[in-house]
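Please read the points below with the coordinates open beside them.

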Amino acid sequence: TNAVLGAEYMRGETLQVVMEFFCLAVFDVDSSTRLLFLEAPNMDDARSDAASARTVLFPGVAWGLRWAVFRDDLHLEVGGAASFARGDIVLLPALHWSLDDSQRLSFGALVIDGPSDGYGGIYDGNDQVYIQYRWSR
């Protein structure tokens, strides 16, 4: 089961902000089972006295920001997601500069971090920085 609560703010074409809080709930999980990426390994101690079935919650937040400046020629974008229970985080900053109607230069990154046994730690080696030039007729 999933639940999402979100808010969005827009100021014309120059500013867009989106924020969503989410929670994934997994019901009737056997007490001897650890849900990979959703639960920390130290949950074993907490589960030893648990009933035969339990509910696992995985809350987090996702966000996005897009801000245009200089007559809409320069765009700053920041997106990301984080889990509250595990501490995993994904950040996607980018800067886009429209040189003219047919040319665009972009700089950006993908940063993933978190505990070594979660998706943040497993994909931590996939961090990226990029430069992109786009031309169209």
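1. β3 and β4 form a hairpin in which 4 residues lie between the two strands, and Phe70 in the turn takes a positive phi of about 55°. The two strands pair in the antiparallel sense over 10 bridges, where pairing requires that DSSP finds at least two bridges between two strands, and strands are DSSP runs (E, at least two residues; for helices, H or I, at least four) numbered from the N terminus. This is a predicted model, in which local features need pLDDT of at least 70 and side-chain atom pairs count only at pLDDT 80 or more, while totals for chains, interfaces and linings use all residues. Residues are numbered from 1 along each chain as its sequence is written, and side-chain values use heavy atoms, with hydrogens and water left out.

2. On its other pairing, β3 (residues 53-69) is joined by 14 bridges to β2 (residues 15-30), again antiparallel.

3. The whole structure holds 4 salt bridges, each defined as a side-chain nitrogen of Lys or Arg within 4 Å of a carboxyl oxygen of Asp or Glu. In one of them, Arg71 meets Asp73 at 3.7 Å, N to O; Arg71 is exposed at 76% relative accessible area, whereas Asp73 is partly exposed at 26% (buried is under 20%, exposed over 50%, partly exposed in between, with a 1.4 Å probe and protein chains only).

4. Arg86 forms a salt bridge with Asp88 at 3.7 Å and another with Asp117 at 3.0 Å. Since Arg86 lies in the loop between β4 and β5 and Asp117 in the loop between β6 and α2, the pair ties together parts 31 residues apart in sequence. Shared partners join Arg86, Asp88 and Asp117 into one network. Arg86 is buried at 7% relative accessibility, and Asp117 is partly exposed at 23%.

5. Which residues make the nonpolar surface patch of about 520 Å²? Leu65, Trp67, Leu76, Leu95, Phe107 and Ile131 do. Ile131 lies in β7 (residues 128-135) and is exposed at 65% relative accessible area.

Note on methods. Patch = residues over 30% accessible without salt bridge, like charges linked within 9 Å, V, L, I, M, F, W, Y side chains within 5 Å. Areas by Shrake-Rupley, 256 points an atom, 1.4 Å probe, with all protein chains shown as cover.
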